[in-house]
Amino acid sequence: MDTSAQLRLEVAHTVVYVHDVEKMITFYSEVLGFEVADRGPIGPNEIVFLSQIANHHHQLALITGRPDTDNSNSVHHTAYRSAGTLDDLKALLATLEAHPEVTAIMPLTHGNAWSIYFEDPEHNGVEVFIDTPWHVQQPQAKPLDLTKSNDDIVATTQAAFADEPEFGDLAAFYDRRGEHLAERFRS
(Lines give C-alpha, C1' and ligand atoms only; values in the text may rest on other atoms or scores of the structure.)
Protein backbone atom coordinates (compact mmCIF):
# COMPACT_ATOMS: atom_id res chain seq x y z
CA MET A 1 0.00 0.00 0.00
CA ASP A 2 1.24 3.49 -0.87
CA THR A 3 1.36 5.20 2.53
CA SER A 4 1.72 8.67 1.00
CA ALA A 5 -1.86 8.41 -0.27
CA GLN A 6 -3.01 8.06 3.35
CA LEU A 7 -1.35 11.21 4.67
CA ARG A 8 -3.85 14.02 5.22
CA LEU A 9 -2.08 17.24 4.34
CA GLU A 10 -2.97 20.90 4.51
CA VAL A 11 -0.84 23.82 3.44
CA ALA A 12 0.66 25.20 6.61
CA HIS A 13 3.03 27.94 5.49
CA THR A 14 5.05 29.50 2.72
CA VAL A 15 8.69 30.55 3.01
CA VAL A 16 9.77 33.45 0.81
CA TYR A 17 13.32 34.64 0.14
CA VAL A 18 13.60 38.42 0.59
CA HIS A 19 16.14 41.21 0.13
CA ASP A 20 14.97 43.70 2.79
CA VAL A 21 13.49 41.73 5.67
CA GLU A 22 12.52 44.76 7.75
CA LYS A 23 10.60 46.34 4.87
CA MET A 24 8.80 43.05 4.25
CA ILE A 25 7.95 42.58 7.95
CA THR A 26 6.45 46.07 7.95
CA PHE A 27 4.43 45.36 4.82
CA TYR A 28 3.00 42.02 5.95
CA SER A 29 2.30 43.36 9.46
CA GLU A 30 0.79 46.73 8.58
CA VAL A 31 -1.02 45.84 5.35
CA LEU A 32 -2.11 42.22 5.93
CA GLY A 33 -2.18 42.06 9.73
CA PHE A 34 0.48 39.40 10.40
CA GLU A 35 2.53 39.40 13.62
CA VAL A 36 6.09 38.24 14.13
CA ALA A 37 5.90 34.95 16.03
CA ASP A 38 9.64 34.19 16.09
CA ARG A 39 12.84 35.14 14.35
CA GLY A 40 16.44 34.10 14.39
CA PRO A 41 19.52 33.01 12.46
CA ILE A 42 19.51 30.15 10.01
CA GLY A 43 23.06 29.70 8.78
CA PRO A 44 24.27 33.02 7.37
CA ASN A 45 20.68 34.25 6.92
CA GLU A 46 17.83 35.26 9.18
CA ILE A 47 14.33 33.78 9.18
CA VAL A 48 11.26 35.60 10.46
CA PHE A 49 8.05 33.68 11.19
CA LEU A 50 4.71 35.50 10.83
CA SER A 51 1.19 34.43 11.69
CA GLN A 52 -2.25 35.71 12.59
CA ILE A 53 -3.73 32.35 13.65
CA ALA A 54 -3.16 31.07 17.19
CA ASN A 55 -2.62 27.41 16.27
CA HIS A 56 -0.21 28.15 13.41
CA HIS A 57 3.28 29.00 14.62
CA HIS A 58 3.70 30.62 11.22
CA GLN A 59 1.73 30.96 8.02
CA LEU A 60 4.51 32.87 6.29
CA ALA A 61 8.25 32.93 6.83
CA LEU A 62 10.62 35.47 5.36
CA ILE A 63 14.22 34.39 4.91
CA THR A 64 17.04 36.71 3.95
CA GLY A 65 19.53 35.87 1.26
CA ARG A 66 17.47 36.30 -1.88
CA PRO A 67 20.21 35.84 -4.47
CA ASP A 68 19.25 38.43 -7.09
CA THR A 69 17.01 41.40 -7.69
CA ASP A 70 14.79 39.82 -10.33
CA ASN A 71 11.13 39.15 -9.66
CA SER A 72 10.35 35.95 -7.82
CA ASN A 73 9.96 33.13 -10.33
CA SER A 74 9.54 29.87 -8.46
CA VAL A 75 6.07 30.46 -6.98
CA HIS A 76 3.27 32.18 -8.89
CA HIS A 77 1.54 33.45 -5.74
CA THR A 78 0.61 32.68 -2.16
CA ALA A 79 -3.11 32.85 -1.39
CA TYR A 80 -4.78 33.75 1.89
CA ARG A 81 -8.45 32.96 2.54
CA SER A 82 -10.28 35.43 4.73
CA ALA A 83 -13.52 34.91 6.60
CA GLY A 84 -14.10 38.62 6.00
CA THR A 85 -16.72 40.38 3.94
CA LEU A 86 -16.84 42.24 0.65
CA ASP A 87 -16.48 45.43 2.67
CA ASP A 88 -13.24 44.06 4.13
CA LEU A 89 -12.02 43.22 0.63
CA LYS A 90 -12.88 46.74 -0.54
CA ALA A 91 -10.94 48.22 2.38
CA LEU A 92 -7.95 46.03 1.56
CA LEU A 93 -8.08 47.18 -2.06
CA ALA A 94 -7.96 50.82 -0.92
CA THR A 95 -5.01 50.04 1.36
CA LEU A 96 -3.14 48.25 -1.42
CA GLU A 97 -3.82 51.02 -3.93
CA ALA A 98 -2.46 53.59 -1.45
CA HIS A 99 0.74 51.64 -0.81
CA PRO A 100 3.52 52.99 -3.03
CA GLU A 101 5.33 49.65 -3.41
CA VAL A 102 2.39 47.37 -4.17
CA THR A 103 2.05 46.61 -7.87
CA ALA A 104 -0.03 44.55 -10.30
CA ILE A 105 -3.25 44.92 -8.30
CA MET A 106 -5.95 42.87 -9.99
CA PRO A 107 -9.37 42.16 -8.44
CA LEU A 108 -10.91 39.02 -9.96
CA THR A 109 -13.77 36.66 -9.32
CA HIS A 110 -13.45 32.95 -9.93
CA GLY A 111 -17.14 32.38 -9.29
CA ASN A 112 -16.27 30.54 -6.09
CA ALA A 113 -14.11 33.38 -4.71
CA TRP A 114 -13.75 37.14 -4.79
CA SER A 115 -10.02 37.83 -4.94
CA ILE A 116 -7.48 40.60 -5.03
CA TYR A 117 -4.18 39.61 -6.63
CA PHE A 118 -1.13 41.85 -6.22
CA GLU A 119 2.64 41.88 -5.94
CA ASP A 120 4.19 42.73 -2.58
CA PRO A 121 7.07 45.25 -2.35
CA GLU A 122 9.55 42.64 -3.62
CA HIS A 123 7.24 41.46 -6.43
CA ASN A 124 6.10 38.19 -4.83
CA GLY A 125 2.61 37.25 -5.99
CA VAL A 126 -0.11 37.38 -3.32
CA GLU A 127 -3.84 36.66 -3.39
CA VAL A 128 -6.34 37.52 -0.65
CA PHE A 129 -9.80 36.11 -1.17
CA ILE A 130 -13.18 35.45 0.39
CA ASP A 131 -15.51 32.67 -0.64
CA THR A 132 -18.65 33.35 -2.64
CA PRO A 133 -21.74 31.27 -1.86
CA TRP A 134 -21.14 29.12 -4.95
CA HIS A 135 -18.95 26.39 -6.32
CA VAL A 136 -17.93 26.66 -9.98
CA GLN A 137 -15.71 24.30 -11.96
CA GLN A 138 -12.26 25.86 -12.30
CA PRO A 139 -10.31 27.53 -13.79
CA GLN A 140 -12.46 30.61 -14.13
CA ALA A 141 -11.55 34.29 -13.87
CA LYS A 142 -13.48 37.43 -14.61
CA PRO A 143 -12.82 41.05 -13.63
CA LEU A 144 -14.21 42.10 -10.24
CA ASP A 145 -15.45 45.67 -9.80
CA LEU A 146 -15.20 46.38 -6.09
CA THR A 147 -16.63 49.90 -6.60
CA LYS A 148 -20.09 48.33 -7.02
CA SER A 149 -22.45 47.78 -4.11
CA ASN A 150 -22.19 44.42 -2.37
CA ASP A 151 -25.61 43.43 -3.70
CA ASP A 152 -24.51 44.28 -7.25
CA ILE A 153 -21.29 42.26 -6.85
CA VAL A 154 -23.26 39.23 -5.65
CA ALA A 155 -25.84 39.53 -8.44
CA THR A 156 -23.20 40.16 -11.13
CA THR A 157 -21.12 37.19 -9.99
CA GLN A 158 -24.12 34.87 -9.88
CA ALA A 159 -25.27 35.98 -13.33
CA ALA A 160 -21.76 35.62 -14.79
CA PHE A 161 -21.24 32.05 -13.57
CA ALA A 162 -24.74 30.53 -13.29
CA ASP A 163 -24.42 28.71 -16.64
CA GLU A 164 -20.93 27.34 -15.93
CA PRO A 165 -20.32 23.64 -15.21
CA GLU A 166 -20.94 22.54 -11.62
CA PHE A 167 -22.41 25.90 -10.59
CA GLY A 168 -24.14 25.34 -7.27
CA ASP A 169 -24.15 25.82 -3.55
CA LEU A 170 -20.63 25.98 -2.08
CA ALA A 171 -21.61 24.29 1.19
CA ALA A 172 -23.11 21.35 -0.72
CA PHE A 173 -19.90 21.06 -2.76
CA TYR A 174 -17.81 21.02 0.43
CA ASP A 175 -20.12 18.37 1.92
CA ARG A 176 -19.61 16.15 -1.15
CA ARG A 177 -15.83 16.67 -1.01
CA GLY A 178 -15.86 15.86 2.69
CA GLU A 179 -17.75 12.60 2.09
CA HIS A 180 -15.38 11.64 -0.73
CA LEU A 181 -12.27 12.35 1.36
CA ALA A 182 -13.67 10.56 4.40
CA GLU A 183 -14.23 7.46 2.24
CA ARG A 184 -10.80 7.77 0.65
CA PHE A 185 -9.02 7.92 4.00
CA ARG A 186 -11.11 5.06 5.45
CA SER A 187 -9.79 2.74 2.74
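**Notes on the predicted model**

1. Asp 120 sits in the loop that runs between S7 and S8, and the model in which it is placed is a predicted one. With a relative accessible area of 0%, Asp 120 is buried, because the cut-off for that class is under 20%. Leaving aside neighbours within four places in sequence, the contacts of Asp 120 are with Met 24, Phe 27, Tyr 28, Glu 101 and Val 126. Asp 120 and Val 136 are 16 residues apart in sequence, while their C-alpha atoms are 28 Å apart in space.

2. Helix H1 takes in residues 21–30, and its buried residues are Val 21, Met 24, Ile 25, Phe 27 and Tyr 28. These residues lie on the same side of H1, because they cover an arc of only 165° around the axis. As background, an α-helix has 3.6 residues a turn, so residues three or four places apart point the same way. Among the buried residues of H1, Met 24, Phe 27 and Tyr 28 are in contact with Asp 120.

3. His 99 is placed in the loop between H2 and strand S6, the latter covering 103–109. Its relative accessibility is 19%, so His 99 counts as buried under a cut-off of 20%. Not counting residues up to four places away in sequence, His 99 touches Phe 27, Val 31 and Pro 121.

4. At 48% relative accessibility, Ala 104 counts as partly exposed. Both values deserve a look, since most residues other than glycine have a negative phi, and most peptide bonds are trans.

5. On the peptide bonds, the one that joins Gln 138 and Pro 139 is cis, with omega at about 10°. Pro 139 belongs to the loop between strand S9 (134–135) and strand S10 (142–143).

6. Not counting residues up to four places away in sequence, Gly 40 touches Asn 45, Glu 46 and Ile 47. The C-alpha atoms of Gly 40 and Ile 63 are separated by 9.7 Å, and these two residues are 23 residues apart along the chain.

7. Arg 66 is located in the loop between strand S4 (60–64) and S5. Arg 66 carries a charged side chain by class, and with a relative accessible area of 11% it is buried. From Arg 66 to Phe 161, 95 residues apart along the chain, the C-alpha separation is 41 Å.

8. The largest pocket holds about 880 Å³ of space. Its lining is made up of 32 residues, and those that lie nearest its centre are Ala 79, Tyr 80, Arg 81, Ser 82 and Phe 129. Strand S5 (78–81), helix H2 (86–98), strand S7 (113–119), strand S8 (125–131) and helix H4 (170–186) each contribute at least two residues to this lining, and the largest share, five residues, comes from S8. By class, the lining has 16 nonpolar, 12 polar and four charged residues.

9. For the chain as a whole, there are four helices and 11 strands, and the C-alpha trace spans about 55 × 50 × 30 Å along its principal axes. Of the 187 residues in the chain, 37% are buried. Among contacts with a separation of 6 or more, 57% are between residues 24 or more positions apart. The accessible surface comes to about 11000 Å², and carbon and sulfur atoms account for 53% of that surface.

Methods:
Residues numbered from 1 in each chain as written. Predicted model: local features only at pLDDT ≥ 70, side-chain atom pairs only at ≥ 80, totals over all residues. Heavy atoms only, no water. 1 Å grid on protein atoms, 1.4 Å probe; cavity = no way out; pocket = protein on both sides within 12 Å on 5 of 7 lines; lining within 4 Å. Points joined across faces, edges and corners; volume = space filled by probe spheres on them. Buried < 20%, exposed > 50% of the residue type's maximum accessible area, 1.4 Å probe, protein only. Arc of directions from axis to C-beta. Contact = heavy atoms within 4.5 Å. Areas by Shrake-Rupley, 256 points an atom, 1.4 Å probe, with all protein chains shown as cover.
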